[in-house]
Amino acid sequence: MTTTATSDDRSGIDTSRTMRRIGFALIVTVIGAFFALPLLWLLTAPFDATPGLSVSWPDWTLANFVEVFDNPQAGSALLNAMGMSVATVVLVCAAAAMASYALSRVQIPGRDILLYVMLLLSSVVTGTAAMVPIYQLLFSMGLINTYTGVVLILTGGLLPTGIFILKDFMDTLPRSYEESARVSGASPFQVLKDIVIPVVRPGLAVIAVWVFVQAWGNFLMPFILLRDPDKLPAAVVMYQFYTSGGQADLPLIAAFSLLYSIPVVLMYLFVNKRYGFRFYGGLKG
């Protein structure tokens with residue numbers, strides 16, 4: 001009797017586990033489908049002669065891409081977005097490398113508190129909340145309707161998080177490397193350039209992709225700070241793709257959206273293949 005009862009209990013436990021696994025698999029499938037449908041639309045609608053808002057087998061054509069290249073704003077908007085994004089990446093990576101190295105090596109009173117406060121303020125005081133003082137500041141500096149103003153604002157907003165991420169990589173770098181370089185007569189800048197930066201390249205790669213995505217997809221700052229239509233980036237120009245009747249031009253939007261997503265995907269694949277994405281230091285002492 002005891003053996004039979006034990007077998008029944010185990011069978012019930014196995015059945016319960018199986019049902020939980022099936023339920024979990026169903027939930028994951030539904031969530032995956034929820035996120036996959038927009039991607040399917042992005043991959044099929046650009047090649048559909050009459051794209052709609054639903055996912056369907058396309059009536060294959062390349063006319064939508066011809067319409068994109070015939071649009072005078074589409075090509076320049078992609079170049080504008082690329083220029084602003086690359087400039088922001090360069091500034092954030094350079095400033096984050098120097099600041100995170102200093103915070104990692106110099107014992108400053110309240111260093112960790114300062115870092116967390118910077119990160120908190122950059123998350124809470126977003127561009128939307130601080131738009132009025134930001135606009136007044138750039139207006140007083142004469143940087144309205146300039147790429148410089150937009151890049152500086154984007155850099156300031158993304159820099160605290162970049163410092164926070166990169167400092168973890170700096171902390172794992174053995175000090176013996178730097179001491180050996182200093183004994184050989186290297187200056188602090190040479191130590192940073194020739195010793196530290198090559199070792200923390202995976203961290204810089206992670207920050208570069210993250211900053212590029214944030215700057216590439218930013219709508220608010222360019223929309224408010226840039227007045228000249230020829231200077232607008234892709235995220236803003238896409239908002240203006242309407243027909244003469246005021247309806248969204250879906251063929252143009254679909255094709256432009258696919259072209260708009262390609263640089264980010266290519267950059268992610270390249271960096272992931274070469275370095276991998278890690279939010280922790282990559283070297284053990």
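Predicted model: local features only at pLDDT ≥ 70, side-chain atom pairs only at ≥ 80, totals over all residues.
Phe 223 counts as partly exposed, at 41% relative accessibility.

First, the overall fold. The secondary structure comes to 12 helices and 0 strands. Read along the sequence, the pattern is therefore α-α-α-α-α-α-α-α-α-α-α-α. The chain has 285 residues, and 36% of them count as buried.

Now the aromatic pairs. How many does a search of the whole structure find? The number is 11. One of them joins Phe 47 and Trp 60: the ring centres are 5.9 Å apart and the planes stand at 45°, so this pair is tilted. Both residues lie in the loop between helix H1, residues 2-44, and helix H2, residues 63-70, and the pair ties together parts that are 13 residues apart in sequence. As for cover, Phe 47 is partly exposed, with a relative accessible area of 22%. Trp 60 is exposed, at 52%.

Back to Phe 223. The ring of Phe 223 pairs with that of Tyr 239, with the centres 6.4 Å apart and the planes at 80°, so the pair is edge-to-face. The cut-off that matters here is 60 degrees, because planes over that angle count as edge-to-face. Phe 223 sits in helix H10, residues 220-225, while Tyr 239 is in the loop between helix H11, residues 234-237, and H12, so the contact ties together parts 16 residues apart in sequence. Tyr 239 counts as exposed, at 51% relative accessibility. The threshold for that word is over 50%, which means that 51% qualifies.

There is also an aromatic cluster. Phe 212, Trp 216, Phe 241, Phe 256 and Tyr 260 form one such group.

Next, the charged contacts. A search of the whole structure finds 2 salt bridges. In one, the side chains of Lys 167 and Asp 171 meet, with N to O at 3.0 Å. Why are these two residues separated by about one helical turn? Because they are 4 residues apart in helix H6, residues 147-171. Lys 167 counts as buried, at 10% relative accessibility, whereas Asp 171 is partly exposed, with a relative accessible area of 40%.

The other salt bridge is formed by Asp 194 with Lys 193, and the closest N and O atoms are 2.8 Å apart. Asp 194 counts as partly exposed at 44% relative accessibility, and Lys 193 counts as partly exposed at 42%.

On to helix H3. This helix covers residues 72-105, which is 34 residues, and reaches 51 Å from its first C-alpha to its last. That is close to the 50 Å expected at 1.5 Å a residue. What happens at the start of H3? There, a side-chain oxygen of Asn 71 reaches to within 2.9 Å of the backbone nitrogen of Gln 73.

Further along, Met 84 is found in helix H3. Is Met 84 buried or exposed? At 5% relative accessibility, Met 84 counts as buried. Met 84 and Tyr 147 are 63 residues apart in sequence, and their C-alpha atoms are 6.9 Å apart in space.

Asp 249 counts as buried, at 13% relative accessibility. What separates Asp 249 from Pro 51 in sequence and in space? The two are 198 residues apart in sequence and 9.6 Å apart in space, C-alpha to C-alpha.

Last, the surface of helix H12. Tyr 268 is found in this helix, which covers residues 250-274. At 39% relative accessibility, Tyr 268 counts as partly exposed. Tyr 268 belongs to a nonpolar patch on the surface, together with Ile 262, Val 265, Leu 266 and Leu 269. Together, these residues have about 450 Å² of accessible area.

To recap the contacts: the search gives 11 aromatic pairs and 2 salt bridges. Among the aromatic pairs, I showed a tilted one, Phe 47 with Trp 60, and an edge-to-face one, Phe 223 with Tyr 239. The salt bridges are Lys 167 with Asp 171 and Asp 194 with Lys 193.

Terms used:
Residues numbered from 1 in each chain as written. Heavy atoms only, no water. Patch = residues over 30% accessible without salt bridge, like charges linked within 9 Å, V, L, I, M, F, W, Y side chains within 5 Å. Areas by Shrake-Rupley, 256 points an atom, 1.4 Å probe, with all protein chains shown as cover. Salt bridge = Lys/Arg side-chain N within 4 Å of Asp/Glu carboxyl O. Buried < 20%, exposed > 50% of the residue type's maximum accessible area, 1.4 Å probe, protein only. Phe/Tyr/Trp six-rings, centres within 6.5 Å; stacked < 30°, edge-to-face > 60°. Expected span 1.5 Å × (residues − 1). Polar contact = N/O pair within 3.5 Å; in protein donor to acceptor, adjacent residues only side chain to side chain.
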